[in-house]
Amino acid sequence: MGGLLRSKRDVEEWEKVLNNKLWNLSNDNILPALRLSYHYLPSHLKQCFAFCAIFPKDYHFKKQELVLLWMAEGYLIDL
């Protein structure tokens, strides 16, 4: 949530997140703050985030390995 709101300077933007209906969804095990953070991600980052969901809870990622996996999936372009 911090990453989502840190660049928002208008009160209206903060209120838009505060009043979002996603806070009231409770039919699954996804934390509302996590769902909202995902909802506001740019589409190219949603792919990377969703890819991480295939790993078990508490899995420890190595940054370089994860980046290589994302590149293999075509989510990132090797510059």
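How many helices and strands does the protein chain have? The protein chain has five helices and zero strands, where helices (H or I, at least four residues) and strands (E, at least two) are DSSP runs numbered from the N terminus. Read from the N terminus on, the order of elements is α-α-α-α-α. The model is predicted, so that local features need pLDDT of at least 70 and side-chain atom pairs count only at pLDDT 80 or more, while totals for chains, interfaces and linings use all residues. Residues are numbered from 1 along each chain as its sequence is written, and side-chain values use heavy atoms, with hydrogens and water left out.

Of the 79 residues in the protein chain, 13% are buried. Buried means under 20% relative accessible area, exposed means over 50%, and partly exposed lies in between (1.4 Å probe, protein chains only). Accessible areas come from the Shrake-Rupley method with a 1.4 Å probe, and for residues only the protein chains shown count as cover.

The surface carries a patch of negative charge, in which Asp-10, Glu-12, Glu-13 and Glu-15 gather. Patches consist of residues with over 30% relative accessible area and no salt bridge; like charges are joined within 9 Å, and nonpolar side chains (Val, Leu, Ile, Met, Phe, Trp, Tyr) within 5 Å. A salt bridge is a side-chain nitrogen of Lys or Arg within 4 Å of a carboxyl oxygen of Asp or Glu. Lys and Arg count as positive and Asp and Glu as negative, whereas His and the chain ends are not counted. A charge is placed at NZ of Lys, CZ of Arg, CG of Asp or CD of Glu. Glu-15 belongs to helix 2 (residues 11-18) and counts as partly exposed because its relative accessibility is 41%.

A nonpolar surface patch is formed by Leu-31, Leu-34, Tyr-38 and Phe-49, with about 370 Å² of accessible area together. Leu-31 is located in the loop between helix 2 and helix 3 (32-39), and its relative accessibility of 58% makes Leu-31 exposed. Pro-32 is in helix 3; at 23% relative accessibility, Pro-32 is partly exposed. The C-alpha atoms of Pro-32 and Asn-20 are 10.0 Å apart, with the two residues 12 residues apart along the chain.

Asp-58 lies in the loop between helix 4 (43-52) and helix 5 (63-72). Its phi is near 70°, a positive value in a residue other than glycine.
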